[in-house]
Structures are given as structure tokens and as C-alpha cells.
Amino acid sequence: MDKWNPFPKKEFLLELYLAEQDLTDEILVFWNKIRISPETWTCEDVIHENFWVVAKHQNWIIWYNDVEEGYNLSRYKEELIILEYGASQDELVFAVKKLKTIILSI
């Protein structure tokens, strides 16, 4: 099996920009509060790979799984380490909505 090559930053930034175009005004306001400049974080749960984290709020992150080609929500305790591997194939808008729902329910 060939080794998986991570998503190059330049290509990922284009993917993220295009995904942001689908955000409604209401979701965009929340997104602008939680988004960060994309950072590579390591997942040490099931799969030991690096992934692009695009948003943080409290102990939650939104990150892009380029293996599954979708955005995921996970918790974190320590910067740069994703606690739970996720195989969601969510569009950015759905991941942001999920996080907003979680935050509002706390």
C-alpha cells in the first residue's frame, strides 16, 4: 500500500475558501469567531497522521480529513493533538452548524 501524502497547504487553502462560500450569513458570523489560520495537528487515536485544523472553540476543533475528504469535529486537551479520529465526510457548513449546536446546548 502506498503511503498517504497529506493535502498540500496551497491546495487545502483553495478547498477551504470554496467551502466558505457555502456558509450562510448567520453561520459566517459564528465561523469568523472560531476560525483560525489552518494548522497541522496530529491524530494519535486510530490513525497516526497530520490533518488541517481550521477552527477552535473551548475544547473543540473542526478539522479536515483529507483521507475521507470531509470536515470533522473532535475534542482536544492539548494543542496540536486531535483526541478522536473522525471519518465524517461533512461539508464545512455542516461541521460549523454541528459545533454551534453543541456550544449553544452547553
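Predicted model: local features only at pLDDT ≥ 70, side-chain atom pairs only at ≥ 80, totals over all residues.

Trainee: What makes residues of helix 1 "buried", and which are they?

Mentor: Buried means under 20% relative accessible area. Phe 12, Leu 16, Ala 19 and Glu 20 are buried. They cover an arc of only 100° around the axis, so they lie on the same side of helix 1.

Trainee: Which residues does the face turned away from that side carry?

Mentor: That face of helix 1 carries Lys 10 and Leu 14, which are exposed. Exposed means over 50%.

Trainee: What covers the buried residues of helix 1?

Mentor: The cover includes helix 2, helix 3 and strands 1, 2, 3 and 4.

Trainee: On to helix 2. How do you know that its buried residues are on the same side?

Mentor: First name them: Ile 27, Phe 30, Trp 31 and Ile 34. Their arc around the axis is only 105°, which puts them on the same side of helix 2. On the other side, Asp 25 and Lys 33 are exposed. Helix 1 and helix 3 are among the elements that cover the buried residues of helix 2.

Trainee: And helix 3, what is its span against the expected one?

Mentor: Helix 3 covers residues 92-105, 14 residues in total. From first C-alpha to last it reaches 20 Å, close to the 20 Å expected. Its buried residues are Leu 92, Val 93, Ala 95, Val 96, Leu 99, Lys 100 and Ile 103. Their arc is only 165°, so they share the same side of helix 3. Thr 101 and Ser 105 are exposed on the other side.

Trainee: Now the strands. Why are strand 1 and strand 2 called a pair?

Mentor: A pair needs at least two bridges. Six bridges join strand 1 to strand 2, so they pair. The two run antiparallel. They form a hairpin, with five residues between them.

Trainee: What makes strand 1 and strand 5 a pair?

Mentor: Two bridges join them, and at least two are needed, so this is a pair. Strand 1 and strand 5 run parallel.

Trainee: Which residues does Thr 42 stand opposite?

Mentor: Thr 42 stands opposite Asn 50 in strand 2. Thr 42 also stands opposite Ile 81 in strand 5.

How values were computed: Residues numbered from 1 in each chain as written. Heavy atoms only, no water. Helix = DSSP H or I, 4+ residues; strand = E, 2+ residues; numbered from the N terminus. Expected span 1.5 Å × (residues − 1). Buried < 20%, exposed > 50% of the residue type's maximum accessible area, 1.4 Å probe, protein only. Arc of directions from axis to C-beta. Contact = heavy atoms within 4.5 Å.
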